Amino acid sequence: MSQLANQIAVVTGAGRGIGRAIALKFAGEGADVVVVSRTQENSEKVAAEIRALGRKAWAFAVDVSDGNAVTAAADKIIADAGKVDILVNNAGVTRDGLLMRMSDADWDTVLNTNLKGAFHFTRAFFRTFAKQRAGRILNISSVIGLIGNPGQSNYAASKAGLIGFTQSIARELGGRGVTVNAIAPGFIETDMTVDLNAELKANILKQIPLGKFGQAEDIANAALFLASASARYVTGQVLTVDGGMVM
Ligand SMILES: NC(=O)c1ccc[n+]([C@@H]2O[C@H](COP(=O)([O-])OP(=O)(O)OC[C@H]3O[C@@H](n4cnc5c(N)ncnc54)[C@H](OP(=O)(O)O)[C@@H]3O)[C@@H](O)[C@H]2O)c1
């Protein structure tokens, strides 16, 4: 029996990497998926992969940091798909640099995408979830939000912020039967990490007890658990998926 049969999932940042893996994993478990990324082309590509699995898919190009664009997209999603059962706030970016040299633009881009983007989409579907009295919200945080990282103060602030956001919305929606959880991935091999220099990667690897980097599918597996009926009594939690890097 498919774990997400008859469910509609909205996954942001699903054009590539972790979001794409989550979208495909959910589709493989019977969900129809709304694919959101910055670019129509990337969203269309993943939507086509989902349709090839025999599920329905809708492709959206939405900048999650733009509140008006998110509200308009959310209205269209409800009109097209009819409902939303699972929202995954996954869209994220980095703009690394030491604080003494960090520009306002780099701070704002990261906070507005990673944290405010999740606020925009969650707010846009809040009434839908509350009325349905069921649903799942997943926020993709990071181990950097748990332990910080030099050169990533903006990213760490956004990812730590997502954890407080997750816990607050879990409390707001708990009485409505909606669970809200976060996943904190460690080092996952995607476009986001591909360009890091070899020495830095070797140093990170030394800190990972399982001795290897994670794959997007490792995060998708955790997302599937939290979105499935198996996690019905889990809310307000942060599930770290990092090969043991942070413990
Ligand atoms: N990779 C890791 O090691 C790692 C570790 C911890 C946490 N994470 C988190 O996991 C999430 C996914 O990361 P990833 O590695 O899969 O990244 P990625 O490969 O760089 O993909 C990022 C996705 O987010 C979308 N996106 C970026 N800014 C957006 C915006 N303003 N509006 C809408 N969509 C936007 C991109 O859209 P386009 O495809 O159109 O460009 C893309 O589909 C992020 O939140 C990241 O912080 C990643």
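A crossing of two helices is called right-handed if the near helix is turned clockwise from the far one by less than a right angle. The views below are taken from a predicted model.

**View 1. Helix α3 packed against helix α4.** Helix α3, which spans residues 67-81, passes helix α4, which spans residues 104-132, in a right-handed crossing. The two helices pack at an angle of about 35°, and their axes are 9 Å apart. On the α3 side the contact involves Gly 67, Val 70, Thr 71, Ala 74 and Ile 78, which meet His 120, Phe 121, Ala 124, Phe 125 and Thr 128 on the α4 side. Sorted by class, the residues of this contact comprise six nonpolar and four polar ones, with no charged residue among them.

**View 2. Asp 75 in helix α3.** Asp 75 has its place in helix α3, residues 67-81. Because 11 other C-beta atoms lie within 10 Å of it, Asp 75 is exposed, the cut-off for this class being 12 or fewer. Asp 75 and Phe 125 are 50 residues apart in sequence, while their C-alpha atoms are 8.9 Å apart in space.

**View 3. Helix α4 packed against helix α6.** The helices α4 and α6 pack at an angle of about 15°, with 9 Å between their axes, and therefore α4 is roughly parallel to α6. Their crossing is right-handed. From α4 the contact draws on residues including Asp 106, Trp 107, Val 110, Leu 111, Asn 114 and Leu 115, and from α6 on residues including Asn 154, Tyr 155, Ala 157, Ser 158, Lys 159 and Gly 161. Divided by class, the residues of the contact between α4 and α6 are 14 nonpolar, five polar and two charged.

**View 4. Lys 159 in helix α6.** Lys 159 lies in helix α6, which runs over residues 153-173. Lys 159 counts as buried because it has 27 C-beta neighbours inside 10 Å, where 20 or more are required. Leaving aside residues up to four places away in sequence, Lys 159 touches Asn 114, Ser 141, Ser 142, Ile 144 and Gly 145. Lys 159 and Glu 172 are 13 residues apart along the chain, and their C-alpha atoms are separated by 20 Å.

**View 5. Helix α1 packed against helix α2.** Helix α1, made of residues 17-28, and helix α2, made of residues 40-52, pack at an angle of about 20°, with their axes 9 Å apart. The angle is under 35 degrees, so α1 is roughly parallel to α2. The crossing of these two helices, α1 and α2, is right-handed. Within α1, the residues Arg 20, Ala 23, Leu 24 and Ala 27 meet Val 46, Glu 49 and Ile 50 of α2. This contact of α1 with α2 has five nonpolar and two charged residues, and no polar ones.

**View 6. The largest nonpolar core and Ala 223.** The largest nonpolar core of the model has 69 residues, and those with the most contacts inside it are Ile 22, Ala 23, Val 33, Val 35 and Ala 223. Helix α9, residues 216-227, supplies the largest share of this core, namely eight residues. When residues up to four places away in sequence are not counted, Ala 223 touches Ile 22, Lys 25, Val 88, Leu 138 and Ile 183. In soluble globular proteins, nonpolar side chains tend to be buried together.

Methods: Residues numbered from 1 in each chain as written. Predicted model: local features only at pLDDT ≥ 70, side-chain atom pairs only at ≥ 80, totals over all residues. Axes fitted to C-alpha atoms, helices over the stretch in contact; angles between N-to-C directions. Helix = DSSP H or I, 4+ residues; strand = E, 2+ residues; numbered from the N terminus. Parallel < 35°, antiparallel > 145°, perpendicular 65-115°, else oblique. Contact = placed C-beta atoms within 7 Å. Nonpolar A, V, L, I, M, F, W, Y, C, P; charged D, E, K, R; others polar. Core = buried A, V, L, I, M, F, W, Y, C linked by C-beta atoms within 7 Å.
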